[in-house]
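Student: I have a structure open and I'd like to go through it with you. Can we start with the rings and then move on to the strands?

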Amino acid sequence: MNNSATDSTSNLPLLYAELSRFLMEQDLRMVFPSEVSAGWWRRAAAVHSGGAVRSERFISWDRFKEATFERRRRERPSNNILRMLFANDLLERNRRDQQGALFERFISPEYRESSPAFASAIVSLLPTLELLLERLDRVDATTSPPEAAGRRALFTDLRLLHAEYRAFLERHGLFEPAYLKAEERMPEGRHLLVCPEALEDFAEFADPVARMSSVEVYPVPGSLGPCTLWRFENSVQEIQAAVSQLEELLDAGVPQSDIAITVCEDERYLTELFSRAALREVPLQARYGGPLTELAGGRLMLRIEELGAASFAVSELGSLLLDQALPVRDRELAKRVVELGVRHGCIGGDPPGGPGAWERAFSNGDVGRGAAGANTAGANTAGGNTAGGARQEARYFRTLRSAVSEVRRAESFSALRTALNKFLNAFLDTDSWDEEGKRTLQWAQDLVAELRDIERELSLVVGNPWRVFLRLLQTRRYVPLRRPAAIPVYLYRVGAGIAPRYHFVLGASQQATRVSVDPFGYLSADLKDDLELPEHDITEDVLRLFSHSGSELWMSFAVESFGGRRLTPPLFLREGRVREPTAEMRTGWAELDCYRTELQAVVDGRAAARLYRRQHAGLSAAAVSGCGEGGCELDEGPISDDGLRRRVHERLRRDDELRLSSTHLQSYAACPFEFLIRHGVGVRRVEYQAAPEAPVEIGTLYHTALERLCREIKAADACIRVEHRPRYQELLSNVIATVVERDLPRDTGIASAFVPALRMRMARQLALFLDGLLDRFRDHAILETEAWRVAPVQAAFVETDAEEERGAEAVGFIGKLDLILQRPADGATIVLDYKLGATPKKRDLLALLDEQPQTAPAFQMAVYAELLEHTQPPFGAALYYSIKDNRFSAALGDDHAGAWVKRNQLAAISGAVCAHAREIADRIAAGRYEENLLQDSCAGCEARAICRRKFYIR
């Protein structure tokens, strides 16, 4: 480490050296700020003495208080669980009170219905409430400024809250420990309080401690230790520097037990620290708890609540049943139920057993098709398409719905425990859960059991036990079991008083290290001033304690942290202890990074001098999977397996001809590998989410409606007649009603709740289309709608060494044209393509003519022109119509000013699209799917998760 704070007479921490003179006094008990620091000193004393030590000689401040200050009574002490039960009951009464809310200011009457949301706030203020009311009794609050009336209302609410809480305690034989006065008694034997000024509540006990002749205080040093605070530009640099030094210490043989880390920043910082340490093979162990609801056992409870609150929407159902961290029984059946919900747009809101989307889904008996209509082999083999299969999915879903409802509607904690066990036994195989998952689930179940016992012992009647349980669960923090041989990581304050040989204190900015003791933080600053409520700052005491906490101490912070800009602690500024890392230090840290040296070794063409185990494993896997001899990298060469190449090729052939659509061309030009996966192999990503309005299905619905409208017009008239507008409008209304209400399939993924709104929107948008059609294409004949066309790709000659024609295989274009009209003036055809959203841009079409296009060209209209070029009547023009924007865009063919491509450019466009098609056809036949890099974004690609270009060694 580059920040030495080593004592000149020993290699022990400075604080240890100062206190070591007390270690040999066998009749002395040393009291440390926390159990963590007491444990450190027990181990240090054992090492120092070379033998065993009595553990009771090294105790925490909390244990000292328990033994010295009498705060107990015969009644049962209150705790956060009991406070939450009280708050929940009181707020339920406040919500139900029809005569007027109980509270006037603490909870505004207009928010009475949301009263339960204030439960956590009440729980947090109950311990300090009596002290606050004592202050109120001594201060005449009515003389306060103009807001006195509002304050009086607040004080009245607080007194009511206190009276209700007192009554609750007396009714159930409880007492609030925070309300009892500390009655000191002389502790047995001598005690040394180590740095008690760094404790939040020491001020409350300072006077009685001063009167105890057998208690000595070793204060926090009055000045900083011989340390430096290193200032980095950002947290990533700070973490990289710390991890590099940790790696150097471990490589030098320093035991992990001699090292400790204290982190002052938030969870994002901790996540980055653990991630960087894992990459560099630096073992860390979190010595702090995380929210139980973020771990498997607690998250399960939240998923149950989310599913019920969302009325069994398929997205929440998928979150529960498809969570790989949960050992769901019969996952294949669960998956089929989710797929069924996706296809039928079951987004929630259905009454249990009512005529909602889930019941319609089960009545259709179409179980077995994959999500979004794709075939699923696993579902078919499980009897998916049979009526028996449909009954199986329906039975599973209804049993699940009943079990979840039973949990959420339990009327007591005893009933809740029974309902939870029933749910777990029916839907989870808890025996197959990993050990950590079992422990987190057991924590949640223990909380239910504890609540049940309290309910029985105190004869409590709790409203909505499930909601109370969830609120308490969200306050529980779970500490994982300790890993052997790992460097402990503590949160700030927890690490105060420890004395390891090497101590890293990270993220030590002004904001992160500030410790203000304010038990009345829920009151405004002016009100606290009026009531002279105690508040004191112990920031610098804690910082000075940390500055003495290691033989070699590294303290640092970053100006730009993950949570925003950070300031330097004033104490270090006053002492002139702030420095920035030198260029030499940064170079030394960089040289320790094996990933950096690996990359440099590749550039230099030599083997890396050292690799991490992760790198060795990656290189070995890469050698096996394709980097070695005989392998195949699809971004470097063609498919070597003739059988696979032919099978992919044959998927695109029809009638002895390779047929390419504009979608094929677009996909291959954008990314050949994605084309191979999607069109060549036929693998599609399965979605287990049901959108309120499924975009693809909505687009299909619009096309169906427009196809039927145009057919009706064609059947009625030889050409489009403006004077028949009223009749066309009536036709449109009938078509929409038929398509949306009668013929809309129930497995489209369109939620039934949105169908009425969808019909209204379609009516409005398609009425605008009809007006545009009549105004722009009056007297045009409708030739065909949704018409399939096939046309040959014209010969394209490419210069080769032999100057021979390349690609003898027959290749054709194929496409489905939305609407083909015939222009009355010259009989030429006009093709119209509907787009639900935005249409392609002019630059995308003209990219066909660029020798080195930066993005994939828009092939569609050029292909359509080719499809119509070889038919009669001759091709005239092609236009896009945006339904969303109600706008026609002339893509090619017309000569007027708005057309993107004039008639004199059609030959160039035709040659370009044929050349592209021939080139792509040749590549497909040869099995070549190298990266084309025509676009620099992978957004929306379905093959990102398996993209060969993303397999890097690092």
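**Rings, strands and cysteines**

Tutor: Ring pairs link F769, F777, Y834, Y881 and F888 into a cluster. Rings of Phe, Tyr and Trp (its six-membered ring) pair if their centres lie within 6.5 Å; planes under 30 degrees apart count as stacked, over 60 as edge-to-face and the rest as tilted. This is a predicted model, so local features need pLDDT of at least 70 and side-chain atom pairs count only at pLDDT 80 or more, while totals for chains, interfaces and linings use all residues. Residues are numbered from 1 along each chain as its sequence is written, and side-chain values use heavy atoms, with hydrogens and water left out.

Student: How many aromatic pairs does a search of the whole structure find?

Tutor: The search gives 29 aromatic pairs. In one of them, F86 and Y165, the ring centres are 5.1 Å apart and the planes stand at 50 degrees, so the pair is tilted.

Student: Where are F86 and Y165 in the chain?

Tutor: F86 is in helix α4 (residues 80-96) and Y165 is in helix α6 (residues 148-171), so the pair links parts of the chain 79 residues apart. Helices (H or I, at least four residues) and strands (E, at least two) are DSSP runs, numbered from the N terminus.

Student: And are F86 and Y165 buried or exposed?

Tutor: Both F86 and Y165 are buried. Buried means under 20% relative accessible area, exposed over 50%, and partly exposed in between (1.4 Å probe, protein chains only).

Student: What about W443 and Y478?

Tutor: W443 and Y478 form an edge-to-face pair, 4.9 Å centre to centre with 80 degrees between the planes. W443 belongs to helix α17 (residues 435-458) and Y478 to strand β13 (residues 477-478), 35 residues apart. W443 is partly exposed because its relative accessible area is 31%. Y478 has a relative accessible area of 3%, so Y478 is buried.

Student: Which residue lies over the face of W40?

Tutor: R43 does, at 5.3 Å from the ring centre. A charge sits over a ring if NZ of Lys or CZ of Arg is within 6 Å of the ring centre and within 35 degrees of the ring normal.

Student: Strands now. How many residues of strand β24 are buried?

Tutor: Nine of the twelve residues of β24 (residues 811-822) are buried, and the strand is mostly covered.

Student: Which strand pairs with β24 in the parallel sense?

Tutor: Strand β22 (residues 657-660) does, over three bridges. Two strands pair if DSSP finds at least two bridges between them. L660 stands opposite F813 in β24.

Student: And in the antiparallel sense?

Tutor: Strand β23 (residues 781-792) pairs with β24 that way over ten bridges, with A781 opposite Q822. Strand β25 (residues 829-835) is also antiparallel to β24, over four bridges, and there Q822 stands opposite T829.

Student: What does G827 do in the hairpin of β24 and β25?

Tutor: G827 takes a positive phi near 75 degrees, in a hairpin with six residues between the strands.

Student: Last topic: how many disulfides?

Tutor: The count comes to zero disulfides, where a disulfide is a pair of cysteine sulfur atoms within 2.5 Å.

Student: Why does C195 count as buried?

Tutor: C195 counts as buried because its relative accessibility is 0%. C594 has 3% relative accessibility, so C594 counts as buried too.
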